[in-house]
Amino acid sequence: MPDTRIPDDLVGAFQIEGEPVRGRLVRLGPAIDEILTGHAYPEPVANLLGECCALAALVGSNLKFEGRLIVQAQGSGPVRYVVADYDTTGAVRGYCRFDADGVAEAAKGFARPGARTLLGDGVFIMTVDQGQDMDRYQGVTAIEGETLALCAEQYFAQSEQTPTRVRLAVGQADVGEGLAFRAGGVLIQNIAEDQARGSTTEAWERTQALFETLGEDELIDPSLAPKTLLWRLFHEDGVRVFEDKPLKAFCRCSQDRIETVLRSFGPDERADMIEPDGRIHVTCEYCSRVYAIEPGALENA
């Protein structure tokens with residue numbers, strides 16, 4: 001029998017037929033549930049990190065080379081730091097550092113506090129990492145919008161002069177085996193006009209009007225296929241959907257990486273890290289995996 005399951009954990013590009021508007025859609029199910037349930041995040045923090053992961057996949061999936069796209073924001077608020085990265089194998093990971101009491105206080109009176117409320121004054125950063133032998137490219141803008149989507153729109157307007165709209169959503173939904181975290185997002189961009197194409201203003205304004213009808217619940221609905229969602233939005237003009245790319249939760253931490261970091265400390269500093277069982281324990285901030293390192297292994301390398 002054919003597989004009738006709604007596709008999940010994917011990102012793909014699309015083009016409005018006959019119009020100078022392109023876009024990408026991301027849908028995260030089990031991958032984002034694994035990332036967010038790996039830590040005891042309060043709901044506002046989980047929402048923020050889920051949005052950051054979805055945004056990293058949306059933007060990073062457009063890379064034309066092997067590498068990583070890192071999205072991060074940091075500020076003076078109760079969430080000190082949120083970061084997510086996507087690499088071109090489809091791997092996504094993320095982490096958030098926060099003050100629990102401060103988050104609870106900031107959430108009072110808000111149905112769902114946004115990025116500006118949680119992060120406070122700070123910066124939004126996108127970094128393109130092309131590998132060890134290549135320079136990193138980094139763009140930085142101030143956190144001014146209340147949402148990460150608005151931060152991303154501002155980034156593209158300032159850093160790339162590309163008219164861009166972004167919608168992100170995170171929530172829990174019944175996936176048949178109980179509630180699970182889900183995340184989704186759509187990004188559309190206006191292709192610059194030229195002599196052959198002429199003015200693109202009218203097409204961009206019409207597409208934005210359709211984009212405004214997109215509901216957050218649609219982005220995370222496990223019963224709504226991504227292609228069906230795009231057809232709902234843009235059926236008047238038609239939409240061409242390109243091949244999806246699968247996504248997965250994957251952390252790059254390893255025993256070797258941890259040992260390399262520990263060797264950067266002096267012998268006295270490492271001695272202070274030894275716990276009663278005679279080993280050094282290191283917890284990965286991203287995936288919460290705990291590594292128990294024998295001090296002798298650091299001396300013999």
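Trainee: What volume does the largest cavity have?
Mentor: The largest cavity has a volume of about 50 Å³. A cavity is a set of points, on a 1 Å grid over the protein atoms alone, where a 1.4 Å probe fits but cannot get out. Grid points are joined across faces, edges and corners, and the volume is the space filled by probe spheres set on the points. Bear in mind that this is a predicted model, where local features need pLDDT of at least 70, side-chain atom pairs count only at pLDDT 80 or more, and totals for chains, interfaces and linings use all residues. Residues are numbered from 1 along each chain as its sequence is written, and side-chain values use heavy atoms, with hydrogens and water left out.

Trainee: Which residues line the largest cavity?
Mentor: Its lining, meaning residues with an atom within 4 Å of a point, is made of Leu 10, Gly 12, Ala 13, Phe 14, Leu 25, Pro 226, Lys 227, Leu 230, Val 241 and Asp 244. Strand 1 (10-16) and helix 8 (226-234) are the elements giving two or more residues to it. Helices (H or I, at least four residues) and strands (E, at least two) are DSSP runs, numbered from the N terminus.

Trainee: And which element gives the largest share of that lining?
Mentor: Strand 1, with 4 residues.

Trainee: OK, pockets now. How much space lies in the largest pocket?
Mentor: About 440 Å³. A pocket is an open set of points with protein on both sides within 12 Å along at least five of seven lines. This one is lined by 22 residues, and Arg 93, Ile 258, Val 261, Cys 284 and Tyr 286 lie nearest its centre. Helix 9 gives the most to the lining, with 4 residues.

Trainee: Switching topic: which residues touch the most other members of the largest nonpolar core?
Mentor: Leu 55, Phe 124 and Met 126, in a core of 65 residues. Helix 2 gives the most to this core, with 12 residues. By nonpolar core I mean a set of buried Ala, Val, Leu, Ile, Met, Phe, Trp, Tyr and Cys residues joined through side-chain atoms within 4.5 Å. Another core, of 19 residues, lies apart from it, and includes Ile 16, Leu 25, Phe 234 and Val 239.

Trainee: What does Leu 55 touch?
Mentor: Not counting residues up to four places away in sequence, Leu 55 touches Val 71, Phe 124, Met 126, Leu 148, Ala 152, Val 166 and Leu 168. Contact means heavy atoms within 4.5 Å.

Trainee: Is Val 166 buried or exposed?
Mentor: Val 166 counts as buried because its relative accessibility is 4%. Buried is under 20% relative accessible area, exposed is over 50%, and partly exposed is in between (1.4 Å probe, protein chains only). Val 166 lies in strand 8, and touches Ala 149, Ala 152 and Glu 153, among others.

Trainee: Which residues of helix 5 are buried?
Mentor: Leu 148, Ala 149, Cys 151, Ala 152, Glu 153, Gln 154, Tyr 155 and Phe 156. What covers them includes helix 2 (43-60) and strand 8 (164-174). Just after helix 5, Gln 161 takes a positive phi of about 50°.

Trainee: And what about Arg 97, where does that lie?
Mentor: In strand 5 (residues 91-98). Arg 97 counts as partly exposed because its relative accessibility is 40%. Leaving aside neighbours within four places in sequence, Arg 97 is in contact with Pro 78, Val 79, Arg 80, Tyr 81 and Glu 285.
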